[in-house]
Amino acid sequence: MTSDPAFIPLFRPSIPNPERAAEAIAKVLASGYIGEGEVVREFERAVSMLALHSILATSSGTAALELAFRAVRRRDGYLRALVTPQTCIATAAPIVNIGGSIVWCDVDQKTGMISGETVARGLEDDRFRSRQPINCVVGVDWGGRLAPWAEIRRVVDDARPLGNRPVLIQDAAHSFGTAFSDDYSGDLICYSFQAIKQLTTGDGGGIAVRQFDPSDDDAKAVAKAIRLDRWFGLDREAGQSMRCDQKPSEIGGKYQMTNVAAALGLANLEGFARRSMRRKKIAEAFRAASCRFSDAVPHEPGFPKHAFWFFPLLIAGEAHLENDRDAFIAHARKHGFEAGEVHRRLDVMPGFRFAAENPRAWLPGVDAFSAAQVAIPCRAEMTDDEVERICGGLWRWRT
Ligand SMILES: Cc1ncc(COP(=O)(O)O)c(C=O)c1O
């Protein structure tokens, strides 16, 4: 880090109108109802309209993921997840915390994300590992770019392992604000509205149920079960009876969003679409300045499948030397902006070595991607001068 005020950091909270945010929070504080209430419902309606599917608000993205894993465990009585290791600890930690098991899945070496091919290999390799088949597949939309969910869905549909079809859990912590289409999404979609995400509620998240088993009715029932699981198994929408009179048949957890967080989120939604467009415009400039040495972002007019939480680069020197990336990070610093690895691979962390069933899996895609990946800032709030400075740094890399 640096104390130079002109230095451009990778992330910074996006609070476009602090006065309005303070006013909205003050109103909630004065209302006497600061926990989960009507303001959370309003936030849910607003983000659902933007995302084009119904989102249940949660206390964090991690909470949303844990609710998703609990839903899978409720269905099958166990949890065995085929998971990308190229992600945040928060993607896999809830699996460990609820007693599930992890099987690492390789990723595409260019995108850093699971693909039809890597999932097919992961399912095939697991065939004789356990009598309980893998029952969910977990991928992250790296940097905000949607993973190839349609292709992954086809593989999972075709694989038909014994037992229920594995549920596709989309860790969309980076990708709120992408265009939604059935083709682009998993079955359970988990968002994060944490401090430095494109939309922040301070800390917060959301979960959407697109399908579970392939029937709409089933999705509705699962969404209702998740809603109850979010708060001890009790129905907060059943009026005053919510605390004492209900006798839940299944005991849930405590994962709900508060009115205070929702008020901040609602205030920050103002101008969200405009800021999303701005990120894409900045990304277009960065792509042009970096395509000579990095092909991490393919050209796509308007980038409908990318929300650019950051702009990803692949700094692959000869034989993917780690110090090539270090040199790039130093080069960026010299040009006044931050570059860095946002998440490091999980499979080499001692804590996960014990939790994974295949701790020493052969993951060539993860090896290549994790040695080369680096992120640079792509925040909507950056000025044109700042964008130009970063472009200048990119043009000058290794010239
Ligand atoms: C890939 C990924 N998944 C999950 C999370 C967890 O989200 P939260 O911090 O809202 O719990 C994060 C947070 O950055 C993340 O990057």
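This is a predicted model: local features need pLDDT of at least 70, side-chain atom pairs count only at pLDDT 80 or more; totals for chains, interfaces and linings use all residues.
A residue counts as buried here if 20 or more other C-beta atoms lie within 10 Å of its own. By that criterion helix 8 is mostly covered, with nine of its 11 residues buried.

The protein as a whole comes to 13 helices and nine strands. Its radius of gyration is 21 Å, close to the 21 Å that the globule rule gives for 399 residues, so the protein is as compact as a globular protein of that length. Taken along the principal axes, the C-alpha atoms fill a box of roughly 70 × 60 × 35 Å. Of the 399 residues, 47% are buried. Among contacts with a separation of 6 or more, 71% are between residues 24 or more positions apart.

Helix 8 can now be taken in detail. Its buried residues are N259, A261, A262, A263, L264, G265, L266, A267 and N268. The elements that cover them include helix 1 (18-31), helix 2 and strand 1 (55-58). After the helix comes G271, which has a positive phi, near 80°.

Helix 2 (residues 38-51) packs against helix 8 (residues 259-269) at an angle of about 35°, and the two axes are 8 Å apart. The crossing is left-handed. On the helix 2 side the contact is made by V39, V40, E42, F43 and A46, and on the helix 8 side by N259, A262, A263, G265, L266 and L269. Sorted by class, this contact has eight nonpolar, two polar and one charged residues. An α-helix has 3.6 residues a turn, so residues three or four places apart point the same way. The helix 2 positions V39, F43 and A46 in the contact can be read with that spacing in mind.

Helix 2 also holds L50. Is L50 buried or partly exposed? It has 17 other C-beta atoms within 10 Å, and is therefore partly exposed, since a buried residue needs 20 or more. L50 lies 78 residues from F128 in sequence, and their C-alpha atoms are 43 Å apart in space.

The ligand is the remaining topic. It is surrounded by 14 residues, the closest being G61, T62, A90, A173 and S192. Helix 3 (61-76) and helix 4 (89-97) each contribute at least two residues to the shell. By class the shell has nine polar, four nonpolar and one charged residues.

Definitions and conventions. Residues are numbered from 1 along each chain as its sequence is written. A residue is near a molecule or strand if its C-beta atom, placed from the backbone, lies within 6 Å of it. Helices (H or I, at least four residues) and strands (E, at least two) are DSSP runs, numbered from the N terminus. Ala, Val, Leu, Ile, Met, Phe, Trp, Tyr, Cys and Pro count as nonpolar, Asp, Glu, Lys and Arg as charged, and the others, Gly among them, as polar. The radius of gyration is taken over C-alpha atoms; the globule rule is 2.2 Å times the number of residues to the power 0.38. A residue is buried if 20 or more other C-beta atoms lie within 10 Å of its own, exposed if 12 or fewer, and partly exposed in between; C-beta atoms are placed from the backbone. Two residues are in contact if their C-beta atoms, placed from the backbone, lie within 7 Å. Axes are lines fitted to C-alpha atoms, for helices over the stretch in contact, and angles run from 0 to 180 degrees between N-to-C directions. A crossing is left-handed if the near helix is turned anticlockwise from the far one by less than a right angle, and right-handed if clockwise.
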